[in-house]
Amino acid sequence: MVSLGCPKNLVDSERILTKLRSDGYAMSPDYSGADVVLVNTCGFLDSAKEESLEAIGEAIAENGRVIVTGCMGKEAEVIRARFPNVLAVTGAHQYEEVVGAVHEAAPMPPSPFVNLVPDAGLKLTPRHYSYLKISEGCNHRCSFCIIPALRGDLVSRRPDAILREAEKLVEAGTKELLVISQDTSAYGIDIRKQPRMWKGEEVVPHMTDLARELGKIAPWVRLHYVYPYPHVDQVIPLMAEGLILPYLDIPFQHAAPSVLRTMKRPANDAKVLERLRHWRSIAPDITIRSTFVVGFPGETEADFQYLLDWLDEAQLDRVGAFRFEPVQGAAANDLSGAVPEEVKEERYARIMEKTAAISAAKLQAKIGRTLDVIIDEVGDEGATGRSQADAPEIDGEVFLRDAAHLKQGDIVSVAIEDADEHDLYGVPLSNPSM
């Protein structure tokens, strides 16, 4: 399995592998030992599509028997034009079609070893953290995005099914649940009148109710891809209580009103700043991470300066930025006012410089504090982990000295001794919590 793209794709890969393992298939660590290769593609940006096509080409060159799935499956004709020998092409979260293609390409063994599949399924992440997908698709029609065309409108999972999966993951060793979807704050709006029973009580399919129940199951629960709707205010007290992590991943994308309108984003910059202040008054340690697009069609220098000034006031903890890139099928491609590539590069450099300075100041303020850290890796001389402010692979890390006695997945109190623009440095103070 070659899995590309976002964590939502990773969850799809895990589900496919779990079903295939339950059917008796073994997973090969390399191309040469495989009867068939699965490539789970990303199709969000042209650069991601090219990466997917390169991965398909490599798999064909190394093995020859390739099944393609994922977001780029919507463009089967493009894939088959370049690689006419692929065995099958399926779209995103079409699990049964993928498994059926594998059955046809490499017939199922006669005696599947179902007992070899753990209750939590097969995972592509370390044992101590897991992505938990709560819905598919999206109801928004942002002008730069083709996700609804790839994955359809919002379809929420039943809350009891999500909680049952979370319980199995924790029983299998998960310490941190990373809640993901295209729009986590919209969870349940399509099934809002369908509460389900869980542990003898009714659970309403709503982000706040789900977060509360997840907080009872896992030591750490982290929310990703949350739009700043007013009802998000309801989850902040759960953070103040320690039930879920004081962390929100909110894809703002921009701040200038004219650019947000062109993007067709559901946001209001002034109300967002007010909401951020309110959240911090309730949960002072809350971490806000976000992403922004620079060089969107029609973005003027005044718009970009507005964004920089907004960032000065918002003081976001973690920020990623992207240069605007046309995506085939996106409405933004037809907008006037294309920003020259050299201007995009210059603006990208400026926003990264701005956000790095904000991050450095915030991390400097943590020197001398004691923070809980989850351990990701342990070596002979120390360990690497993450604080509650850090999601895996996208945020910073905490580098620990005198920590060789720790184990992956331990949660330990750490005295912070130093910091740079993105990472913290410290020493463990306590034995790991269980």
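Colleague: What share of the contacts in the protein between residues at least 6 apart in sequence join residues at least 24 apart?
Modeller: The share is 73%. A contact here needs heavy atoms within 4.5 Å. This is a predicted model, and the contacts are computed from it.

Colleague: How do you know that the radius of gyration agrees with a compact globule?
Modeller: The rule is 2.2 Å times the number of residues to the power 0.38. For 434 residues a compact globule would have a value near 22 Å, and the protein has 22 Å, so the two agree. The C-alpha trace spans about 60 × 60 × 50 Å along its principal axes.

Colleague: Which residues of helix α4 are called buried, and why?
Modeller: They are Val98, Val99, Ala101, Val102 and Ala105. Buried means under 20% relative accessible area, so each of these falls under that cut-off.

Colleague: What puts them on the same side of α4?
Modeller: They cover an arc of only 155° around the axis, so they share one side. Their cover includes α1, β2, β3 and β4. The face turned away carries Glu96 and Glu104, which are exposed.

Colleague: Why are β15 and β18 called paired strands?
Modeller: Pairing needs at least two bridges. Five bridges join β15 to β18, so the pair qualifies. These strands run antiparallel, β15 at residues 370-378 and β18 at residues 411-419. Leu371 stands opposite Val414 in β18.

Colleague: How many bridges join β18 to β19?
Modeller: Five, and these strands also run antiparallel. Ile416 stands opposite Gly426 in β19. β18 and β19 form a hairpin, with four residues between them.

Technical notes: Residues numbered from 1 in each chain as written. Predicted model: local features only at pLDDT ≥ 70, side-chain atom pairs only at ≥ 80, totals over all residues. Heavy atoms only, no water. Buried < 20%, exposed > 50% of the residue type's maximum accessible area, 1.4 Å probe, protein only. Helix = DSSP H or I, 4+ residues; strand = E, 2+ residues; numbered from the N terminus. Arc of directions from axis to C-beta.
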